[in-house]
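Reader: I should like to learn how to read the helices and sheets of a model. Could we proceed feature by feature?

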Amino acid sequence: MNKFKSVFIGAIILGIMVLAGCNTHQVDADGDGKIKIIAAHNQTSPDNPYQTGLLKFKEVAEQESNGTIEVEVHAGTIGTEESQLVEKLQLGAADVIVASPGFMTQTGIREVDLFSAPYLFNSYDHWLQAVDGEVGNKVADIINEKSNNSFKVLGYWTAGVRHYYGKKPIESVDDFQGVSLRTQTSGVVSDFWTSTGAIPSSISWGELYQGLQQDVVDSSENAYPFFVQQAHHTTSNGKYITETAHDYTTRFFLINGEKFDQYSEEQQEVILKAAKESIKAERESTLLQDEEYKKKAIDEGAIVNEIDRQPFIEIARPILNDFAKEIDVEDLLKDIYELDK
């Protein structure tokens, strides 16, 4: 019996050692100081700025580490939904991902949903000041703390500037009365559009082209690269683009914090440098595509007009204030307002 107990205990110890070895394998595959990083985003197009950003991350990380860091880039191959990537990052099945505020909110970190609010930023420079400054640092600390170090922010990417496009041009807020708009149908985004008189619709992105073509929905909103790539501007209800610029978008560039802490100081420095270069590359690519796809839309018959955004900002401001109070980020919102003075 004692012999059996000894064998049983030995098996348990061996199992623990194997599991420990598996965890070590995640960080140092061959025990020679080399590590492999799985980096992923949810876009499948090779021309997407996300791909540009992650390829730059790979290039710099591998060069600066002299080959001791290998980066494997996945473009929609381990998840086309951001929720899948967020889950994989938490579980350690992915090491670096890109995620939007909405999917971060689903993890219970409500504070980040402030970045989803319309007219939070009044210009691209305003957005840069916020995310690259103290506001960005505070949000990064909140994410890291509330995720118990599952998420560490490496920086902030963009997905362009979102505008209205629909069956008619918008000249004033009054033109939104009764217009069905494909957008979020709950939360602060829905509250804003409802306040303009629009009717939020939940038609899926994959069905939107047909919905615009067949008059199921009157309009939608997104950044030029996204809706022009899908040819929404060629439909009967997507021809008119009004540059509302209601959302200078924020995307979180994240690494698994627990794994990051296991890397050597030299490896951490390389990863941070690679992240910095990738952020620069992704932003430049997005800004360039905003211009290119706007021109493409106009060349293909879309009609673009600008609009006085102040009445929209005045509608958004009290909604923003109430929302910031609800999710306990009033100080953060105040800091963002102050940057635009």
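Reader: Over the 35 residues of helix α11, what distance should the helix span, and how far apart are its end C-alpha atoms?

Author: This is a predicted model. Helix α11 covers residues 265–299, and at 1.5 Å a residue it should span 51 Å; its end C-alpha atoms are 51 Å apart, which agrees. Beyond the helix, Gly-301 follows α11 with a positive phi, near 105°.

Reader: How does one describe the packing of two helices, and at what angle do the axes of α6 and α13 cross?

Author: Two packed helices are described by the angle between their axes and the distance between the axes. Here, helix α6 (residues 134–146) and helix α13 (residues 330–339) have axes that come within 10 Å and cross at roughly 160°. Angles over 145 degrees count as roughly antiparallel, so α6 is roughly antiparallel to α13. The crossing of α6 past α13 is left-handed.

Reader: Which residues of α6 and α13 meet?

Author: An α-helix has 3.6 residues a turn, so residues three or four places apart point the same way. From α6, Val-135, Lys-138 and Val-139 take part; from α13, they meet Leu-332, Asp-335, Ile-336 and Leu-339. By class, this contact of α6 with α13 has five nonpolar, two charged and no polar residues.

Reader: Turning to sheets, what is the strand order in the open sheet of five strands?

Author: The order is β2-β1-β3-β10-β4, and the pairing is mixed. At the edges are β2 (69–75) and β4 (152–157), each of which pairs on one side only. From one strand to the next, the twist averages 20°. Strand β1 (residues 35–41) runs parallel to β2 and is joined to β2 by seven bridges; within β1 and β2, Ile-37 stands opposite Val-71. Helix α6 packs on this sheet, where it touches β4 and β10 (251–255), and the direction of α6 makes about 140° with that of β4.

Reader: In what order do the strands of the six-stranded open sheet lie?

Author: That sheet has the order β7-β6-β8-β5-β9-β11, again with mixed pairing. Its edge strands, β7 (199–201) and β11 (303–306), each pair on one side only. On average, neighbouring strands are turned by 35° against each other, direction ignored.

Reader: How many bridges join β9 to β11, and do these strands run parallel or antiparallel?

Author: Four bridges join strand β9 (residues 240–248) to β11, and the two run parallel.

Conventions. Residues are numbered from 1 along each chain as its sequence is written. This is a predicted model: local features need pLDDT of at least 70, side-chain atom pairs count only at pLDDT 80 or more; totals for chains, interfaces and linings use all residues. Side-chain values use heavy atoms; hydrogens and water are left out. Two strands pair if DSSP finds at least two bridges between them. Axes are lines fitted to C-alpha atoms, for helices over the stretch in contact, and angles run from 0 to 180 degrees between N-to-C directions. The expected span of a helix is 1.5 Å times one less than its number of residues. Angles under 35 degrees count as roughly parallel, over 145 as roughly antiparallel, 65 to 115 as roughly perpendicular and the rest as oblique. A crossing is left-handed if the near helix is turned anticlockwise from the far one by less than a right angle, and right-handed if clockwise. Contact means heavy atoms within 4.5 Å. Ala, Val, Leu, Ile, Met, Phe, Trp, Tyr, Cys and Pro count as nonpolar, Asp, Glu, Lys and Arg as charged, and the others, Gly among them, as polar.
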